[in-house]
Every structure is written in structure tokens, then in C-alpha cells.
Amino acid sequence: MNGRTNTMELAGAAMVASLLAVAILAPHLAPHDPARAVASTFGDPGAPSAAFPLGTDELGRDVLSRIIFGARVSLTVGLAAMAVTMTIGVAIGLAAGFFGGAVDFLLMRFTDVMLTLPALLLAMAFVAVLRPSLLNILLVIGLVSWTQIARVVRAEALSMAQRDFVLAARALGASSPRLIVRHVFPNVTPTIVVMAALGTSGTLLLDAGLSFLGLGVPPPTPSWGRMIEEASIYFRTAPWLAAFPGLAIFYAVLAFNLLGYGFLRRNRRAGRGALR
Amino acid sequence: MLAFLLRRIVFGAVVLIGTSLITFTIAFVIPADPAVAMAGAKADPQTLAAIRHQLGLDLPLYLQYARYADRALHGDLGESYVRRESVTRLIVDRFPATAILALCAMAFSLGAGIPLGVFSAAWHDRAPDHLTLLLSLALVSLPVFWLGTMLLIAGGLYLRSFPLGGYSGPLSLVLPTLTLGLGSAGYYARILHTNLLDALGQDFVRTARGKGLSPARTLFKHALANAAIPLVTLAGLDFAGLLSGVVLTETVFNWPGIGRLAFEAIFNLDIPLIMGTVLFSALLIVTANLAVDLLYAWLDPRIRLGTPR
């Protein structure tokens, strides 16, 4: 990475840091227990008030506290799923790009097949089969989102594999694994960093979507997506129940997008591939 | 051109076979016994065995797949376990609603994204560009289902100008189209912005300017034509993403399309319907990609002639 730091990147980094802080410090920041009925309005959602700034839900639980604790699940799933995504995508991309030939052909046709399936639909089917749990969900999200990364990394590795410095290292007797790890991979990292930031916004959205469809991390763990789904019967009487958790998702996704596009601005070359 | 066409069609067929293998695998590992789903939990073993035999579930796996593939090629995707109706029939019935929604959303996202991208490229690195950049990033970051919910509350409950869901004439299309299209609009604006800046740095633009063409004319006649073509391709390739959004949008708006059908199928573990909807989505995506490939080859001779770019 070179070039000047830009505002987008800084704003994104600050927002991501604030999210991490909220998630880590949740027990200290949340004014109430997220899983307990703390309002007297049991049975009806309570409007935002001085005691409950974002209102309470139909079970009398504090919405603000639930959103604060929800950051833990969302970030865990989002970041861990991204790690799975990157591991699969980078491994497949590097292998295809570096070895070329039949390996490349087979891996890329497999990638094309996966690209042809709508990620959400596939994730829904997998989660329904495996039953929703934290581990299953982040694995499934990882399993359906690696295609883009594999393609981009492959394209980069393909151009790297023929460069003089790689050929020189090969002539000196370096083995293929060593060439990939020590010579090709480091040169692909700028692209990987960009893809990781942008990819996290994708995994966050996918997780939220699954939760909204009732296929997220099971209750009583508060999750932003499910809060919106649960609020759907109170649209008329308590629109804030759906509004605030959505703003939280929006904030988190925007944070990672700003970070990713900020990196992009700094490193145009990495950006070329990452946007496709 | 014919060779190119054939290559793309063969490739599409290979992708579809791969897709069907994946969906078949998913269906096979689903922990639900279709015989129990049809006959009820209290059915005696003989009945269950008879149903399994009738469905071909006692055959070896590769024969089951061959049977499924053979029927699918003849347009028969089996019968829904829960609804007891033909899967093909259900999909054909629901398809028009999804097609209208997807086309409107695509038209909207290109119609809004292209001007936005041109605007920001024309004001490159000045305040209007930064504002559009922020706007498009915000649009990309909106969770589809939340945007839909908020539009429903604002437009349906407060303004009372739009129906609260379902499919009832052109007015009911407005909110779902916005829900599905706004995110892509932001995305296309970003991509077009990058492509335009690329195009503006190239020789033919300098030539055009050198001939005395005005900046505006150069931008619209020369640069935009070159920058917008990849965008159309991208829109075609993005079809898979669009269909993911369709599932959420249709759920929020109670839209009688394929997306909600797939959602119901997965919720009921209705295996033939899950396989049918996933396979049909793949078919749509493969067709969209093929159409885009052809369009692209027609627009850009370098591709159909196979010369390296």
C-alpha cells in the first residue's frame, strides 16, 4: 500500500473501530440487560423515552441494549465469514492462477458454477439443511461468497506467475509452494486487503438477510436482522422497532465499504480488479 | 461467430449440469423424509416404503439423479411434497411477477446509476463528485429488506400512496422496484465513474478534443459509449445478485414471485420445490450471461474473433 491516506479510509477506520469498541464493551455500554423485560409495558412495544432512548420491544426489552449486544453477533459472523471467504477464495485463486492449465480450468469452471447460484438462495438452503447456529452460519456465508475473490486473485496470480522475479526465483530452485507463498502472495496482498474490507460489507449484509428470513443465529442472542423481522407485525404501531436495528446494519456495512473504497483510492492498481 | 456461440452454449450447459449436481447433493442431505412429509408421521412402514418406491427413493443415487435430469430436460421438475402441485407449474405461474420486478429494478438501477456516474466523473475530485460518491456508497450499504420495510412504512402507512404489498397494478411496483434497484444504482454509478475516468485518459479522447470537440460532446459521444458497454455486461452478470435481492424484496412486499416461492420451499424443506427454484434461477442467470456475452461480442469484434485483448 502506498499513497496518501484519504478521508474515506479514515472515516471507515474510525467507524469500524467504534463498532469493535461497542461489541467488546457491550456489557459496560448497554444500559439494560438485553434479554430481560425491563419496561413495565409488557405485551406492547414502548415508544422511545428518556429511560429507553430507542424504545422497548413487545416483551419490554430495551432496544438500545439489544442493538449494542447485537453488534457482537453481527461482527463475529461478518468477520469470521469473511475469513472463511478469503481463505477459500485466495487458495483457489492462487492455485488456479499459479498452476494454470488443467488446474486453472477445473477450478475456474467450478467457480463459474458457484457464481451462477444466487448466494442468498444457496445460503438459505444450506442453513436449512445444517440448522442455524453461529458456526454453521459463518461457514455457509463463507462457502457461498468466495467466488469473486477467487476470480480476482486468480487474475493477479496469473500475471505474477510469468513475471521475471518469479521466473528468477524458480530458476534458483524455489519450489512451487515457496514461490506461491513468498513471491506471488505478497504481491497480491493489496488486492486482498481491498477485497477483505469490501467483502465484510457483503458478509454482514448476507448475515442480516439470513437473520431477517429467520435463518440467523437462534434466539435469545440479539441479532439486528431478526429484530427487524420480529418488528414486522408492529409496523403500524411501533415503526422504531424496525428502524433502529436497520440503521445499525447500515452503519456497519457503510463502515466497511468506506474502508474498502478508501483503500481503493489509495491503490488504484489493486482497485482495477477488486471492483469487477 | 458461430464457434463463439457454440462455445458459450456448451459452457452454459456445463454450468447447468454442475448446478443440478450441487442442488441434488443439497437435496440428498436434507434431513427430512419426503415419505413422512407426504403420508404423515403416523404412517405404517409399508405405506412409507411404497411411497419411497413410487418416488424412486429406493434407487441408487446415480439412477435417481439420471431420472431427475431426464425429467428436468423434459420440463418436469417433479411434484411439490407440501403443495402437491407440479413444480414446473408453480414456477411458471410465479415467474411473470418476478420478471416484471427484476426488469423494472434493472431499468431503474441503470437509469439512475448512469447519470449519477456521468455527473460524478464530470465533476471529478470536486465537491459534487465527493457527494455522489458518498451517496452511492450509502445506497450500496443499505440492507435490501430494511430499505423495503422503511419504504413500506413511509409510502404505504404514512403517505398512504402505495399498496402495502402484493401485486396489484403498476402502483404496487414502485416501492419494490426502488427497494431492489437503489443499491445497484449506487454500484453502477461507482463503476461507471471509474470506467469513465479510464476512458477519458485514453488516446481517442485526446484525439477528439484535439479535433476541437467540446468537453461535453467528448464525454457523451466518445467516452460514455466506451464506458457504458462494460456496465451493461456487468448488469447481466449481476443477475445472480439481483435474484438474491429478489428473495428479500418479495418477502417484504408479499410479492407473488419465485423468490417467495423459494423461501417457502426452504422453510417447508420441500425438496423438489427447492431444487426446482434453485435450478430455475441458475437457468435464468445462465441465459442472462449468454445474452450479455452475445451482446458484447456483437459490440466488440475483438471478443468474437478471439484475439487477446
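In what order do the elements of chain B run from the N terminus on? In this predicted model, the elements of chain B follow one another as α-α-α-α-α-α-α-α-α-α-α-α-α-α, in keeping with a count of 14 helices and zero strands. Taken along the principal axes, the C-alpha atoms of chain B fill a box of roughly 85 × 55 × 30 Å, and of the 309 residues in the chain, 41% are buried. When contacts in chain B between residues at least 6 apart in sequence are considered, 71% of them join residues that are at least 24 apart.

Chain B also meets chain A, with 38 residues of chain B in contact with 36 residues of chain A. At least two residues each of the side of chain B that touches chain A come from α1 (2-29), α6 (127-141), α7 (144-158), α8 (171-200), α11 (239-253), α12 (258-267) and α13 (271-299) of chain B, and it is α1(B) that gives the most, with seven residues.

One of the contributing helices, α7(B), can be followed in more detail. It has 15 residues and reaches 20 Å from its first C-alpha to its last, close to the 21 Å expected at 1.5 Å a residue. The buried residues of α7(B) are B:Val144, B:Phe145, B:Trp146, B:Leu147, B:Gly148, B:Thr149, B:Met150 and B:Leu152, and these pack against elements of both chains, namely α9 (176-212), α10 (224-230) and α11 (240-266) of chain A together with α8 and α11 of chain B. After α7(B) comes B:Arg160, whose phi is positive, near 55°.

How values were computed
Residues are numbered from 1 along each chain as its sequence is written. Chains are lettered from A and ligands numbered from 1 in the order in which they are written. This is a predicted model: local features need pLDDT of at least 70, side-chain atom pairs count only at pLDDT 80 or more; totals for chains, interfaces and linings use all residues. Two residues are in contact if their C-beta atoms, placed from the backbone, lie within 7 Å. Helices (H or I, at least four residues) and strands (E, at least two) are DSSP runs, numbered from the N terminus. The expected span of a helix is 1.5 Å times one less than its number of residues. A residue is buried if 20 or more other C-beta atoms lie within 10 Å of its own, exposed if 12 or fewer, and partly exposed in between; C-beta atoms are placed from the backbone.
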